[in-house]
Amino acid sequence: MPGQVSPTPVQVGPPGDPSTGEEVPRRVSSRYSLQDQVFIHGVRAVGYLVLVIVSSIGLFLGIQSVPTLQHYGLSFFTEFRWLPSQDVIGISGVVVGTVQVALIALVFAVPLAVLTALFITDWAPARLRPTLVRVVDLMAAVPGIVFGLWVLFVVQPHATEVAHWISKYFGWFPLFHVRTDVDYPIWNQAPGYPSYAGSAFIAAIAVAMMIFPMATSVMREVFGEAPLGEKEAALALGATRWAMVRTVVLPFGRSGVVGGTMLALGRALGETISVVLVISQTFEIKPYVLESGTSTISSLIASSFKEASPAQLSALLTAGFVLFCMTLLVNSLAAVIVSRSRGREVTDL
Amino acid sequence: MTQTLTDRPRGPVRLAEATATADPRPEPLRRTSGRTREDLLTFLGAVAASLATTWVFYTQVLPFEGTIGFVVVWYVALVTFYAVLTGLTQPWEVVVDRVVTTAVVAAPTLVALALASVVLMTVVKGLPALHHANFLTQDMSGVRADDPFTKGGILHALVGTLIEVTIAVGIAMPLGVATAVYMSEVGGRGARLVRTVVEAMTALPSIVAGLFIYTICLVYLGMPASGLAAGLALATMALPIMARASYVVLGVVPGGLREASYALGAGRWQTVWKVVLPTARPGLATALILGVARAVGETAPVLLTSGASTYFNSNPVQDPMNSLPLYIYASISSGSPQMEDRAYAAAAVLLMVVLTLFVLARLVAGGRKTR
């Protein structure tokens, strides 16, 4: 693009005759100069091009699901097994697994994110604040595969013990039940029964590490915008710090908490590689989240795209489309909730 | 803004500056800190008591074991002791405040420990392979999984990452910034439509972007698994993200600047090129670098599209091309302990790359004071 541009002369009328001192009114024109027309149309063309590219992805995924639905019918949504060799394919199992892993990750990440955001805005000394914000941002850039490695080799040995302990004492609650003999020690698995490694619970730890920074930064921004006058008023009335936070910051930042949680959920649903590394893949619908074996839509795609026949590839694309619809729905809700808390700022000079 | 509120001055503050002239003796300094010696002693007492109690429980009374259990029991004991001790002298509100404070401090501490453990694990476990210089200068062709660390390296993966990310950014950045300029500076009904769709597509999971390119390019068009396909997949993922991030950055350019430019007689293009983009340049650069940092670490799109070579390949249109995340994934999946160590070393390099990009982003944005 040209760096140098000449001033546009069209809007300026002929100057008045300087000898008489008489001002001739300028002609004001609302027509764009040629340069501006080129600019506007050029940028618009690029915008529409991006629109076409981007929406063609959604359309393509949607169109691909037609042959799948014709072939497998509604059982595609109700069948939980994924047996390409027997032509039995359905996504209810992976959808349930996806939601399970994402929800457990939220259970870990959201309380930590809320507390960390509060710590950054209202507890930490002012000198530390920019550093803390930066560390959280940096954490957001850590690749998922590194968190996957960490969970696999550092967390999992401890997490299986915790899972064993929970299932031993709280196994009467269906969520914490593991279909094995809990009296067997962790290092000597009951033969022929599922173990505690590679469960939705452990995969969720990796996902929680992935979504924590995002949730924290959304919440921190909203908490930081809590009205200063009201905070000072609360403190001046003798409130403790927590009382001030409870009466001013949290009510003000409620939409930030909900919106940050939803955004994190959208991200958690699509997280792939850390889940693939950690889980042992099984296809069934079960509430037992501490038990070995689960699967998510993204782990299914990552593990079975290679051997897929055209029909199965179309089925995978349909699964991807379902995943996309889920994340789209969640993200849109989050955007609405977050934007409700604050209008687009009008900045003045 | 909030710092005026919560940050009381650290040191003592000299009061009654005006009366000092009348009284030659120095005014006694008053402590304005909200924390008294009693508060500190209460906390230390709670720490000591909880540690002792937990130790007794763990070693003498209960047949528990494991560090996680110890820390959990200790934390619960600490909060209990702290609350009870505070309750002896303070009203109920202060007790609640302190219990909440322990939680608010514990949460970021836990996360910081986790993050430190991630970095430490990567570096410590990667060190055996990493401290051989050939790890950065050789590829893996002809190297068996159980070969010593003096053979083989990740040069091919480093170069592959570089090429793929360059392709992705070369496609996504110009389109993304131009789209953002359209959405922010031109506007109109079409721009709102573009904005809605672009924002919706930021929800596209990276694995689905990879699957899309895999199906279109590799299956339908018959392209080979290559660096170009991987770059396209990364670009598909990054385009909506970059467009949206740039749009946000352009949105914070003060409207007054644009109006001033128009008032001086500049046209639309001149205003965008000479006023809006230069003002937003640090923000755009930061958004770009953070986008690159994200693309460097994405495994899922690359896994589907590039194929994993073991040999050096700098041609993006032919033959498979490896990349750092894919190398890590393949090495871990191989199950060999030597390859596992190599995976850690590669992860350490990947972390270094991301960290460098991040510091770069901070430096670019650093000179600017936020309004």
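Visitor: What kind of model is it?
Guide: This is a predicted model.

Visitor: What pLDDT does chain A average?
Guide: The average for chain A is 82, and 88% of its residues score at least 70.

Visitor: Where in chain A is the pLDDT below 50?
Guide: One such stretch is residues 1-13 of chain A, which has 19 contacts in the model beyond near neighbours in sequence. Another is residues 343-349 of chain A, with nine contacts counted in that way.

Visitor: Ok, secondary structure. How many helices and strands does chain A have?
Guide: Chain A has 12 helices and two strands. Reading from the N terminus, the order is α-α-β-β-α-α-α-α-α-α-α-α-α-α.

Visitor: And how much of chain A is buried?
Guide: Of its 349 residues, 45% count as buried. As for contacts in chain A with a separation of 6 or more, 73% are between residues 24 or more positions apart.

Visitor: Domains next. How is chain A divided?
Guide: Chain A is split into domain 1, covering 9-15 + 23-72, and domain 2, covering 92-341. Seven residues from domain 1 of chain A and eight residues from domain 2 of chain A make up the contact between them.

Visitor: What is on the domain 1 side of that contact in chain A, by residue class?
Guide: The side of domain 1 of chain A that touches domain 2 of chain A has two nonpolar residues, five polar and no charged.

Visitor: How far apart are the C-alpha centres of those two domains of chain A?
Guide: They lie 39 Å apart. In chain B, the assignment gives domain 1 as 37-120 and domain 2 as 155-366, and their C-alpha centres are 44 Å apart.

Visitor: Switching to the contact between the chains. How many residues does each chain put in?
Guide: Chain B contributes 88 residues and chain A 83 residues. On the chain B side, helix 4 (residues 92-130) gives the most, with 18 residues.

Visitor: And how does the chain B side divide into nonpolar, polar and charged?
Guide: The side of chain B that touches chain A has 62 nonpolar residues, 19 polar and seven charged.

Visitor: Which residues touch the most other members of the largest nonpolar core?
Guide: They are A:Ala105, A:Ala109, A:Val207, A:Ile211, A:Ala215 and B:Ala346, out of 202 residues in that core. Helix 6 (residues 200-224) of chain A supplies the largest share of this core, 19 residues.

Visitor: Take A:Ile211. What is it in contact with, leaving aside neighbours within four places in sequence?
Guide: A:Ile211 is in contact with A:Ala105, A:Ala109, A:Ala264, A:Arg267 and A:Ala268.

Visitor: Why is helix 11 of chain A largely enclosed by the rest of the structure?
Guide: Because six of the eight residues of helix 11 (residues 297-304) of chain A are buried. Those are A:Ile297, A:Ser298, A:Ser299, A:Leu300, A:Ile301 and A:Ala302.

Visitor: Last one, B:Ser334. Where is it found?
Guide: B:Ser334 is in helix 13 (residues 324-334) of chain B.

Visitor: Is B:Ser334 buried, exposed or partly exposed?
Guide: Partly exposed, because B:Ser334 has 14 other C-beta atoms within 10 Å, and the count for buried is 20 or more.

Visitor: Which residues is B:Ser334 in contact with, beyond four places in sequence?
Guide: B:Ala145 and B:Met339. B:Ala145 is 189 residues from B:Ser334 along the chain, and their C-alpha atoms are separated by 8.2 Å.

How values were computed:
Residues are numbered from 1 along each chain as its sequence is written. Chains are lettered from A and ligands numbered from 1 in the order in which they are written. This is a predicted model: local features need pLDDT of at least 70, side-chain atom pairs count only at pLDDT 80 or more; totals for chains, interfaces and linings use all residues. Domain bounds come from an automatic or database domain assignment. Two residues are in contact if their C-beta atoms, placed from the backbone, lie within 7 Å. Ala, Val, Leu, Ile, Met, Phe, Trp, Tyr, Cys and Pro count as nonpolar, Asp, Glu, Lys and Arg as charged, and the others, Gly among them, as polar. pLDDT is the predictor's confidence in each residue, from 0 to 100. Helices (H or I, at least four residues) and strands (E, at least two) are DSSP runs, numbered from the N terminus. A residue is buried if 20 or more other C-beta atoms lie within 10 Å of its own, exposed if 12 or fewer, and partly exposed in between; C-beta atoms are placed from the backbone. A nonpolar core is a set of buried Ala, Val, Leu, Ile, Met, Phe, Trp, Tyr and Cys residues joined through C-beta atoms within 7 Å.
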